[in-house]
Amino acid sequence: MRTKLDACLQMVNGVLLGKEHQVRLAMTCLLARGHLLIEDLPGMGKTTLSHALAKALGLSFQRIQFTSDLLPGDILGTSVFDKDSGQFAFHPGPIFAELVLADEINRATPKSQSALLEAMEEGQVTIEGATRPLPDPFFVIATQNPVTQGGTFALPESQLDRFLMRLSLGYPAKGAEKALLLGEARRDLLPRLEPVFDHAELAKLQELVPQVRASDALVDYVLRLVEATRSQPQFAWGLSPRASLALLAAARAWAFLADREYVIPEDVQAVLPAVVGHRLRERADPSGHGGGALVRWLLTEVAAV
Amino acid sequence: MSTRRSSVAQPIPRVALTWLLIAQALVMVPHLFHLPAWTIALWLVCALWRIQIYRMRAGYPNALAKVVLMAGAAAGVWFSRGSLIGLDAGSVLLISAFVLKLVETRSRRDALVLVFLGFFVVVTGYLFDDSMLLALFTLLSVSALLASLIGLQQSAFAERPWPTLRLAGGMLAQALPLMLLLFVFFPRLGPLWSLPQPAGGAVTGLSDNIEPGDIAELSQSGELAFRASFDGPMPPRSQLYWRALTLERFDGRRWSQSSVAQYPIEPQWQKRGEALRYNVIMQPSSRPWLFALDTGETSLERTRLMSDFRLERYRPVDKSLFYQVTSWPDAVREPEDSPLLQRRALQLPEQGEPRARAWAADLKRRYADPQALVQALLQHFNREPYVYTLKPPPTGVDGIDAFLFDTRRGFCAHYAGAMTFVLRAAGIPARVVAGYQGGEVNPAGNYISVHQFDAHAWVEYWLPERGWVSVDPTFQVAPTRIEQGLEEAVAGERSFLQGSLFSALRYRSIGWMNQLRLSWDNLNYGWQRWVLAYQGEEQANLLQRWFGAFDTRLLLIALVGGGGLILSGVALGLLKPWRRERDPQQRVFLGFERLLARHGLRRARGEGPRAFAERAATALPQQAESIRAFLRVYEAQRYAGRPGAVGELRQALTGLRRRLPWRFTRSTR
Amino acid sequence: MADTPLRPRWDRWLAKRIPAAQRVRLDQRRIFIVPSRVGAAFGVSLLLMLLAGINYQNSLAYGLTFLLASVGIVAILHTYRNLAGLVLKAGGGGAVFVGEQARFKVLLESSGRAHQAIAIGWPPAELQSLDVPALGLGECELSQPALRRGWLRPGRLKVESRFPLGILVAWSWVDLDQALLVYPRPLPGDLPLAAGRGDDGEESGSHQLGQGADDYQGLKTYQPGDSKQRLHWKAYSRGHGLLVKEFAALSGRDLHLDLDALEGDLESRLSLLCHWVLQFCNEGQAFALHLPGVQLGPDSGETHREACLRALALYANEQRPGNRP
């Protein structure tokens, strides 16, 4: 199992060059049963990452390109009248896949956005009165262009909270980019990937994560972090209990990936930027985005021991 | 998290009001037995009224209503107690105020007044009843009063009843050791000024004049008269004649105390033989005399030995009294003749009882020696068919004649009275002695309880040179009465405690019940002996015994030293200073940080232990292995939850310390 | 110790014993404890009960008196315990204008046990009371009138507790080293021409200065810090996202607020400037502020506004927040 996990990481890293940390975080997010938000400029490999993950984990993959004219039905599916049977037949939308890539989610209207986000939250969709469960595992990778790009609808804070992590891939390092340019086209590599896990194995992994031990001392550290966001004046608002649960869950998964059966403060610190960055705002700039400075402050100023 | 304003003038919270109502009820309960009925009604009305005020169904009393209520209460006290001063009236007045205050309690200040009044009412209760049960019960009242005090605090804590009560009880428990210390060592003073005493209710007991029937009546009472415990072995019960008083005047029907006996004349006597030392705790008798074996001396202040060898206190005994007595049973009492003695001890009515007088004259003629005469008399009682009974047939005029020659059935008072009469008629000075005989030995407590049914009368006659000699004619008739007690003596006629069906004493034959009764009695005796009686002299005695000395300095040292010790103990338990230290692993880790800081490696606040250790391992490659070893143990204990001794961690640190070059100060590497 | 000659000595002693800090943990060095008024009444009651015990030679009355006295002594520990270990932290507070209530946030943190009914405030004002749960956090906002511009340093904070019986009061004086900036009171008034604008003397009145003065340049996407006054709401409602109307700031036509160009006493001139700073910011105008030795702008936006107000508050009133007067 352990070697398979490493092989899986290896495989994705082979497709997406020089992004080991981000790949590991994405894997962590998946193991912790969370959804992932990738925020980056176009062409940074967001789609490649999702595709590679889906392949490596043996998940069915669907991609939804969000546009301003996308309707909720385009995501969830619709009922179409079937002449032969004389009945309405349900045509499931692209959301009925195990790994859904919601590309450029901030281009769609809030209505379509919330259709996706509600499905994410509840693990099921309700269409025309009928409730249909989504597949298990169900993992959403949403991407968005940074809000500074014009003509977009930024996700509100309440929706952001539903993503366990927010990542930014960033430009590749020089060496990685060179390898990229010299090598095969990345997308061509994808069909050749063989799934490493089957569903049962993945479910088993996800079950093992919560058993990673978080000692009192460690939970105290998480509490100190959370409490600091609630009491320090530079934070516009504090982290919610959902956020502290997310932080602990992500730290567990991170420790699990590192082959450790207990969490140490460094695990928390490794996932902290990705888990809380999108949930924090500076008081001086509550409408701004990203709490990078705040996360750095948390990492340096909150006593780790 | 709410923010509130603080002030004494604030309205009282609901919880505090509930506590006040409960506390008031608990404080009132012990008083219910002696309060006039209207006070209890007033209390119920006031409590209901206050509840209605809380439910917004009624208003607070206005000024006029308050005046009317207070005046009404005062009038009520006047009518039911006949006065507004004195302890009895004063206590009713205090309780009325306590009850009325509740109605007008709106602010915290009022509530505080109510609570403090409550404490006073509890103290007043002690003046009327000082039993152990009451004392235990008042602990409840005091807890409720303290809970009210806590309930008045503006805290969410005070809104939860159980934690409040637990805190109040906990504080009482923590205060207990200190209270015991104060109780034992706080110097006891005599009364600073005289205060009205609680009026003794109707107390059954010996009175200063008796008809024979009176003692038969007393014998129906299972009430306790007194308890005594001996320093040495207890004498056999047939020798336990507890003198109360002597009855020297006979008017043809009643024997009564001579008026001469009231004069403070010091009797003459010589101590002879072995002394008996014992102490007595008397129940309230409303009479001034104390009980003692012949011939006793006591150190109790303002108590003297009167001319007829009874011990008398300056005032009636209204509450239980503790005193120590030393008695000389073989003492020679008033060996010298005096006209006064002759006059007192030979007094007889002018006429009446002709047959007895004739028989006395006959005896006198036959026996010249008074001693022989007395013996003959006793022989007579022994030989003739006299019957000891609690139900003698009624006699008319010349009761002694009827008893001696016709009915021949009687009780100790009959025998004593008749014998004294005959002795006097025969010219031998004699008198009736009233008191108690015997008592019930409590094996658990090694003390003796004397009840009212142990009341007894016997005879003293006077011989020149030898003085007064005691003799008990009842012994001739019913030796079991003296040797075993009344119950056995009258077992045949089932008249023992006939009237008091519920007296536990009636069920002495049932083993476990008797055991229970004796233990309970023992407990009460201990309570009286060691708590209630713990006043000036007892304190001095006890401390003398414990420390061999007794002075103010000792008290001060004991109070301050003991108090300090107890307080430190309570403080340790409460504050738990050891909790404030960080856990041991953490202390060792701090040592690890200090050690590395001396080598220029300081952990940043937000740096995790592993990151720090890795940094240190890179900076100190030679010690890297020890550093990592320490980290492994630390992580295993702190984060992996693997229990391990702190010693292991400390060892790892020591290992690292040895491998590092010694540095004293922090270097700037 | 309101205004006695001992006051300065008392202050010095306190400053040494409980130095100012942003975070203060109450411990035995910092907690004082005495009987309260209720405690005095309690003591008198005990004395009366003792007299009853003595005069009636009643052991139980003695006993109850001793029990309650011991409860009183044990209550010292309880009252102390309720305050000890409490950590007070300065929670900061926003700037205010003269005449407003300055609000200071104070955080109370339990480092172990719960703390009940903690009263906190600046006497003689009434204290606020709150509970702090075990290992939890309490927060309260205290206010003090802002009377002068500049740094407002509230005095020492009184923290007290009478829990559990109310017969004792444990308290401490804590300086959380809090300071808060007080801006001048904005006073509306006309702006003389010279102060209102640059050197090109247009004759229009000061009230019209904001409208249409600058040229509309086009739209740009909203960025944090842009004035909300200039948001293009219509475009937003059409789904184009947040756009901001851009105006060209024409040099030479900037608005200049200059202290020296005004007349009157210093405080009223500062108040007038303050009013106009707020006015221009509301209108989204760019402007510059000149104080002797200080030159800010021309610029617009929140940051500029803060800088200007700060300069006005501190002009000729430089007290460092950290230094005690």
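Predicted model: local features only at pLDDT ≥ 70, side-chain atom pairs only at ≥ 80, totals over all residues.
Local features are limited to pLDDT of at least 70 and side-chain atom pairs to pLDDT 80 or more, while totals for chains, interfaces and linings use all residues; side-chain values use heavy atoms, with hydrogens and water left out. Residues are numbered from 1 along each chain as its sequence is written, and chains are lettered from A, with ligands numbered from 1, in the order in which they are written.

Chain A holds 13 helices and nine strands. Helices (H or I, at least four residues) and strands (E, at least two) are DSSP runs, numbered from the N terminus. Of its 305 residues, 52% are buried. Buried means under 20% relative accessible area, exposed over 50%, and partly exposed in between, for a 1.4 Å probe and protein chains only. Among the contacts of chain A with a separation of 6 or more, 77% join residues 24 or more positions apart. A contact requires heavy atoms within 4.5 Å. Chain B contains 24 helices and 22 strands. Its 669 residues are 51% buried. Residues 24 or more positions apart supply 72% of the chain B contacts with a separation of 6 or more.

Helix α5(B), residues 108-128, has 21 residues. From first C-alpha to last it reaches 31 Å, close to the 30 Å expected at 1.5 Å a residue. The expected span is 1.5 Å times one less than the number of residues. Of the 21 residues in α5(B), 17 are buried, and the helix is mostly covered. Helix α21(B), residues 584-597, has 14 residues and reaches 20 Å, close to the expected 20 Å. It is largely enclosed by the rest of the structure, because 10 of its 14 residues are buried. Among these buried residues are B:V588, B:F589, B:F592, B:L595 and B:L596. B:Q585, B:Q586 and B:E593 also belong to the buried set. The cover over the buried residues of α21(B) includes α22 (609-619), α23 and α24 (646-659) of chain B.

One of these covering helices, α23(B), spans residues 624-638 and contains B:A624. B:A624 is buried at 8% relative accessible area. Its C-alpha atom is 9.2 Å from that of B:L656, a residue 32 positions away along the chain.

A helix pair in chain B was also characterised. The axes of α10(B) (residues 354-366) and α12(B) (residues 399-407) come within 7 Å and cross at roughly 70°. The two helices are therefore roughly perpendicular, a class that covers 65 to 115 degrees; under 35 counts as roughly parallel, over 145 as roughly antiparallel and the rest as oblique. Axes are lines fitted to C-alpha atoms over the stretch in contact, and angles run from 0 to 180 degrees between N-to-C directions. On the α10(B) side, B:P354, B:R355, B:A356 and B:W359 take part. They meet B:I400, B:D401, B:A402, B:L404, B:F405 and B:D406 of α12(B). The contact residues divide into seven nonpolar, no polar and three charged. Ala, Val, Leu, Ile, Met, Phe, Trp, Tyr, Cys and Pro count as nonpolar, Asp, Glu, Lys and Arg as charged, and the others, Gly among them, as polar.

The unreviewed UniProt entry for chain B annotates "transmembrane region" at spans including 63-79 and 554-575. Such annotations may be inferred rather than shown by experiment; positions follow the numbering used here and feature names are shortened. Residues 63-79 are 100% helix, with end C-alpha atoms 24 Å apart. Residues 554-575 are 100% helix, and their end C-alpha atoms are 31 Å apart. B:G562 lies in helix α19(B), residues 552-575. It counts as buried at 17% relative accessibility. B:G562 touches B:L181 and B:I557, leaving aside residues up to four places away in sequence. For chain C, the unreviewed UniProt annotation "transmembrane region" covers residues 31-54 and 60-80. The span 31-54 is 75% helix and 17% strand, whereas the span 60-80 is 100% helix.

Most residues other than glycine have a negative phi, and most peptide bonds are trans. A cis bond joins A:D136 and A:P137, with omega about 0°. A:P137 lies in the loop between β7 (130-133) and β8 (139-144) of chain A. C:P123 and C:P124 are likewise joined by a cis bond, with omega about 5°. A:E104 has a positive phi of about 50° and is buried, at 15% relative accessible area. B:M56 has a positive phi near 65° and is exposed, at 74% relative accessibility.
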